Amino acid sequence: MSQTHETVLEIDLDALAHNYEFLTSKLHPDTKVMGVVKAFGYGSDACEVAKELASLGVDYFAVAYVKEGIALRDAGITQPILVLHPQPVHFESLIDRCLEPALYSARILRSFVAVAEGKKQQDYPVHIKFNTGLNRLGFWESDTEWIVERLAETQSIKIKSLFSHLAASEDMNEREFTLGQIANFKNIASDMAERLGYRPMLHQSNTSAILNYPEAQFDMVRTGIGLYGYGNSEAYDANLKPVVHLKSIISQIHTIEPGETVGYNRAYKATHFAKTATLPIGHADGISRNLGNGVGKVVINGHSVPIIGNVCMDMLMVDITGIDCKEGDEVIIIGSQQNASDLAESMGSISYELLTAISQRVKRVVRRKPKR
Ligand SMILES: *Cc1c(COP(=O)(O)O)cnc(C)c1O
């Protein structure tokens, strides 16, 4: 990848293709893939990622909110799109743009049916979400009869899939709990199939479940973080390639004397003749203040150097004492030497949070090797 002249987030589509191939190599031949591109494609660029995944053969997309699905449609995505957490106020536009809602409660199901009937829909595809232990969204196992009765009263919707979400598929200490969620989902699925007289598609696995619970793939898997290069464990990370690289440059270098301070609240005090570099990236770009005061590091010419003082809104400072570098040199914040999990871990967080925090102010640059 090339030298940058400002703060950029590079999106490596070859890495995305590599991760897609790796994840699909773990699937049974008939298992479909839903690419999860919510939250701007985990902070990258949902439309660029979705277009690439569509060309690789992904079957389905998932987003969290209707607005995110509309952005995909505007970018020309024609695959079916599941909206995981739609709000009734957007049901009309959801139908207008052929997005498919997850219906997770009686309130949501009733209000979707009302809108679908109002818009004269027939057999509009919907996905019923069941709660099997995450206790976040979803109907309970005991709701199956009620759901099927409501469906019998309307021609407007048809169940395309039943799904559930695992609470701890990355945590092998919770294996027993996860197996319980899988068994519970199987019971719900067969109960529903019996009541409906047909069998909708089933899906329960996120990235870590693809890797840790091959027996739970059902008809489709929903993969997010793995596509972006993270597998929630060092062993899996080794098979995946980070899709985004966050780069910046050195704006200015200062040499300060012992006792001098750097940044707001004078939070860093030099104990030696220190050389410091100021970078054009701050908490408004997604670099948390929790990474200040030596917690987080960046990479300059192969050297890992600490962030010093408090992270500012638009800038941060690093200690480059003894490091060979000059103004204008490239700085790697997320890359191969330090990936998003490494940096997130230093502040007690996870790759998901760090990646999705990279703000829209940061310029996105798509990279791909020329095709032969
Ligand atoms: C975000 C999300 C996923 C993707 O999870 P990953 O761990 O990123 O693979 C799958 N299913 C649901 C319901 C989600 O909200």
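Colleague: How many residues does helix α1 have, and what does it reach from its first C-alpha to its last?

Modeller: Helices here are DSSP runs of H or I with at least four residues, strands are E runs of at least two, and both are numbered from the N terminus. The expected span is 1.5 Å times one less than the number of residues. Helix α1 covers residues 13-25, so with 13 residues it is expected to span 18 Å; its actual reach is close to that, at 18 Å.

Colleague: And before I go on, what should I know about where these values come from?

Modeller: It's a predicted model, where local features need pLDDT of at least 70, side-chain atom pairs count only at pLDDT 80 or more, and totals for chains, interfaces and linings use all residues. Residues are numbered from 1 along each chain as its sequence is written, and side-chain values use heavy atoms, leaving out hydrogens and water.

Colleague: Which residue has a side-chain oxygen reaching the backbone nitrogen of Asp14 at the start of α1?

Modeller: Polar contacts are N or O pairs within 3.5 Å; within protein, one atom must be able to donate a hydrogen and the other to accept it, and residues adjacent in sequence count only if both atoms are side-chain atoms. Here the side-chain oxygen comes to within 3.0 Å of that nitrogen, and it belongs to Asp12.

Colleague: Which elements cover the buried residues of α1?

Modeller: Buried means under 20% relative accessible area with a 1.4 Å probe, protein chains only (exposed is over 50%, partly exposed in between). In α1 the buried set includes Leu13, Leu16, Tyr20 and Phe22. Their cover includes β1, β2, α3, α9, β9 and β19.

Colleague: Is Thr4 buried or exposed?

Modeller: Thr4 sits in the segment before β1 (8-12). Setting aside neighbours within four places, it contacts (heavy atoms within 4.5 Å) Lys247, Ser248, Ile249 and Glu330. Its relative accessible area is 6%, so Thr4 counts as buried.
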